[in-house]
Amino acid sequence: METLGNRKSTREIIEKYGFDFRKKYGQNFLTDDGILDRIVEAAVVTKDDCVLEIGPGIGTLTMRLAQEAGEVIAVEIDRNLIPILHETLAEYDNVTVIHGDILKTDIRGLISERGGGRLKVVANLPYYITTPIIMTLFESHLPLESVTVMVQKEVAQRMKTGPGSKEYGALSLAVQYYSRPEIVAAVPASCFMPRPKVDSTVIRLDVYKEPPVEVSDEKWFFAVIRASFNQRRKTLANGLVNAGHLGVKRQQVEEALAAMGLPASVRGETLSLEQFAELSNRLKESAQV
Ligand code: SAM
């Protein structure tokens, strides 16, 4: 079967269409068949699956997904890539290419048009919007089964790490509230065209049907987390009190921390997901009194 997962085929397509890479869209195309195999295997794609690919580029990963999945929906922002995709994917009748911005795409609508069901997201993400994409997917409570994505190495570390490490923060907590992250592969910059300045990692997020902790108000929970990490070198209490929009008073924070057996000087990066859930529930309750 044809593959674009090498430098020669990718260069041929680029030259044939006179395509100019656009930095602003985070365009670094994968040119390594071995890595494509790892991604598709890790995502465990079968003919029962509908896969959403974000940013298909010239269709390198899309083609592989089309061979394994029941259906593939690929959303690409760069209009110059659309005619290329129509050529490279011509022989696959189970692929729908959509020209658009993934952050403005009605993914729920796409799923219901296809009769519902759970979705697998597989992508080599545009790095400039990794966090907004991940957060949009999760916060819109789409029926996701898993999200298998190539991201910048440091971002994968932030997603996976726990309390106490300097990478731990709002992204770690959000990812671990919605899913179980699993590192799949380390990918050097030499596997892309053009070469990015950073190394990459493939990570799979197995989305929970139910979050592992109980939270009384999800929006409030994430607002508390963001405020707690807002001023990294300050205490969690300062971050929360200084975030005026939350309307919490120092005394409320200190009482909640004390009830949890934590000192008033504690820093956000030491609290686990469970502790953040408890803190946010307690603050929510005291804010309502
Ligand atoms: N999947 C291809 C591959 O692996 O070779 C390309 C990956 S490249 C890192 C990221 C792709 O996302 C590019 O094709 C880029 O044009 C596209 N992209 C960037 N921003 C996007 C957005 N907001 N919505 C949809 N696609 C986007």
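A residue counts here as buried when its relative accessible area is under 20%, as exposed when it is over 50%, and as partly exposed in between, using a 1.4 Å probe and the protein chains only. With that in hand, take helix α8: eight of its nine residues are buried, so the helix is mostly covered. The buried ones are L171, S172, L173, A174, V175, Q176, Y177 and Y178.

Some ground rules before going on. This is a predicted model, in which local features need pLDDT of at least 70 and side-chain atom pairs count only at pLDDT 80 or more, while totals for chains, interfaces and linings use all residues. Residues are numbered from 1 along each chain as its sequence is written, and side-chain values use heavy atoms, with hydrogens and water left out.

A pair of aromatic rings is described by the distance of the centres and the angle of the planes. Rings of Phe, Tyr and Trp (its six-membered ring) pair if their centres lie within 6.5 Å; planes under 30 degrees apart are called stacked, over 60 edge-to-face, and the rest tilted. Searching the whole structure turns up eleven aromatic pairs. In one of them, Y178 and F222 have ring centres 5.8 Å apart and planes at 20°, so this pair is stacked. It also ties distant parts of the chain together: Y178 belongs to helix α8 (residues 170–178) and F222 to helix α9 (residues 218–230), 44 residues apart. F222 pairs with F221 too, this time tilted, at 5.0 Å centre to centre with 55° between the planes.

How covered are these rings' residues? Y178 is buried at a relative accessible area of 7%, F222 is buried at 6%, and F221 is buried at 0%.

Now for the ligand. It is surrounded by 23 residues, with L30, G55, E76, D101 and Y128 the closest; a residue is counted as near if one of its heavy atoms lies within 4 Å. A polar side-chain atom of Q27 lies 2.9 Å from an oxygen atom of the ligand. For E53, a side-chain N or O atom is 3.2 Å from a ligand nitrogen atom. For E76, a side-chain N or O atom is 2.6 Å from an oxygen atom of the ligand. On its own the ligand has 600 Å² of accessible area, and the protein covers 99% of that; these areas come from the Shrake-Rupley method with a 1.4 Å probe.

The space taken by the ligand is the largest cavity. A cavity is a set of points, on a 1 Å grid over the protein atoms alone, where a 1.4 Å probe fits but cannot get out. A molecule sits in one if more than half of its atoms lie within 2 Å of its grid points. Two elements give two or more residues to the shell around the ligand: β1 (29–30) and β3 (71–76).

The loops hold a few backbone details worth a stop. M193 and P194 are joined by a cis peptide bond, with omega about -10°, and P194 lies in the loop between β8 (192–193) and β9 (200–207). V44 has a phi near 45°, a positive value in a residue other than glycine; you'll find V44 in the loop between α2 (33–43) and β2 (50–54). H141 also has a positive phi, near 50°, and sits in the loop between α6 (130–139) and β6 (144–152). H141 is partly exposed, with a relative accessible area of 45%.

Finally, some distances across the fold. L279, in helix α12 (residues 273–288), is buried at 0% relative accessibility. Y17, in helix α1 (residues 7–17), is partly exposed at 31%; Y17 and P83 are 66 residues apart in sequence and 9.0 Å apart in space, C-alpha to C-alpha. L246 lies in the loop between α10 (236–242) and α11 (250–259) and counts as buried at 8% relative accessibility. L246 and G18 are 228 residues apart in sequence and 52 Å apart in space, C-alpha to C-alpha.

Key: Helix = DSSP H or I, 4+ residues; strand = E, 2+ residues; numbered from the N terminus. Polar contact = N/O pair within 3.5 Å; in protein donor to acceptor, adjacent residues only side chain to side chain. 1 Å grid on protein atoms, 1.4 Å probe; cavity = no way out; pocket = protein on both sides within 12 Å on 5 of 7 lines; lining within 4 Å.
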